[in-house]
Amino acid sequence: ANSSIMKFQVGKLKAALGQDAEWIFVDSPLVWHPIPGSKDPLFAEPGAFEKAISKGQPFLWWYSHGNSCYNCVDEGVRNLLELIRANDPVDVVVSFSQGSNCLSLALDVLRRQKSPAPWTLSVMFSGGQIDDPVFAWPAGWVSAQPTVRVLNGGEDSFFHGSEQSLRNMYSDLVELTHCDGHLFPNSEPRATEIYA
């Protein structure tokens, strides 16, 4: 279901890039389950719109998390890197929310392996931070991975006050803010400015 939702979310970006960009959409094999009645955005039942886009497919996540505690990270990172390598060459990885966090986790695995990233540019829509201190990058290490991050500049269901900058994690970073919440930007004129 996640790739179906991502296809919808990147519509404006895809239109801005035109026909020359080839898009490959991938899914994690880890199935996510809601907690009935939960108000936590990590576990709340998907809305009718997300369910319609998913067309009955299960919702997925790259690793499990809640209360800043991650599980299945090794499996999630391994799955992500295998999918990227299976589609080599990959120039750009576009991610959203937890997928962005998983990219940061993958870069740390590659650092430990002394391997370069098998993609050239990361474009993160929301997320990218690592909330679980067990998986935090080593003190003082900053990734040189070229990264564009598009984030909400205001309060949303995940962040009180706005998402934090990733300047402490990435040295080659461009951050673009919008005010549409924990979503891809869609309010004009800012959305067009970001996608241009």
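Student: Where does Lys 114 lie?
Tutor: Lys 114 lies in the loop between H5 and S4. Helices (H or I, at least four residues) and strands (E, at least two) are DSSP runs, numbered from the N terminus. This is a predicted model, in which local features need pLDDT of at least 70 and side-chain atom pairs count only at pLDDT 80 or more, while totals for chains, interfaces and linings use all residues. Residues are numbered from 1 along each chain as its sequence is written, and side-chain values use heavy atoms, with hydrogens and water left out.

Student: Is Lys 114 buried or exposed?
Tutor: Lys 114 is exposed, with a relative accessible area of 74%. Buried means under 20% relative accessible area, exposed over 50%, and partly exposed in between (1.4 Å probe, protein chains only). Lys 114 also has a positive phi of about 60°, although it is not a glycine.

Student: And what is the phi of Cys 72?
Tutor: Cys 72 has a positive phi of about 60° and is not a glycine. Cys 72 lies in the loop between strand S2 (69-71) and H4.

Student: How many disulfides are there?
Tutor: The count comes to zero disulfides, where a disulfide is a pair of cysteine sulfur atoms within 2.5 Å.

Student: New topic: what is the strand order in the open sheet?
Tutor: The open sheet of four strands has the order S3-S4-S5-S6, with parallel pairing. Two strands pair if DSSP finds at least two bridges between them. The edge strands are S3 (92-96) and S6 (173-178), each of which pairs on one side only.

Student: How many bridges join S4 to S5?
Tutor: Four bridges join S4 (residues 121-125) to S5 (residues 147-152). Val 123 stands opposite Val 148 in S5.

Student: Which helix packs on the sheet?
Tutor: Helix H5 (residues 98-113) packs on the sheet and touches S3 and S4. The direction of H5 makes about 130° with that of S3. Axes are lines fitted to C-alpha atoms, for helices over the stretch in contact, and angles run from 0 to 180 degrees between N-to-C directions.

Student: How do the axes of H4 and H5 cross?
Tutor: The axes of H4 (residues 73-86) and H5 come within 9 Å and cross at roughly 85°. That makes H4 roughly perpendicular to H5; angles under 35 degrees count as roughly parallel, over 145 as roughly antiparallel, 65 to 115 as roughly perpendicular and the rest as oblique.

Student: Back to the sheet, then. Is Arg 149 buried or exposed?
Tutor: Arg 149 counts as buried, at 1% relative accessibility. Arg 149 lies in strand S5.

Student: Which residues does Arg 149 touch?
Tutor: Not counting residues up to four places away in sequence, Arg 149 touches several residues, including Met 124, Glu 163 and Glu 175. Contact means heavy atoms within 4.5 Å.

Student: Finally, where are the cis peptide bonds?
Tutor: A cis peptide bond joins Asp 88 and Pro 89, with omega about 5°. Another cis peptide bond joins Glu 188 and Pro 189, with omega about 10°. Pro 89 lies in the loop between H4 and S3, and Pro 189 in the loop between S6 and helix H6 (190-195).
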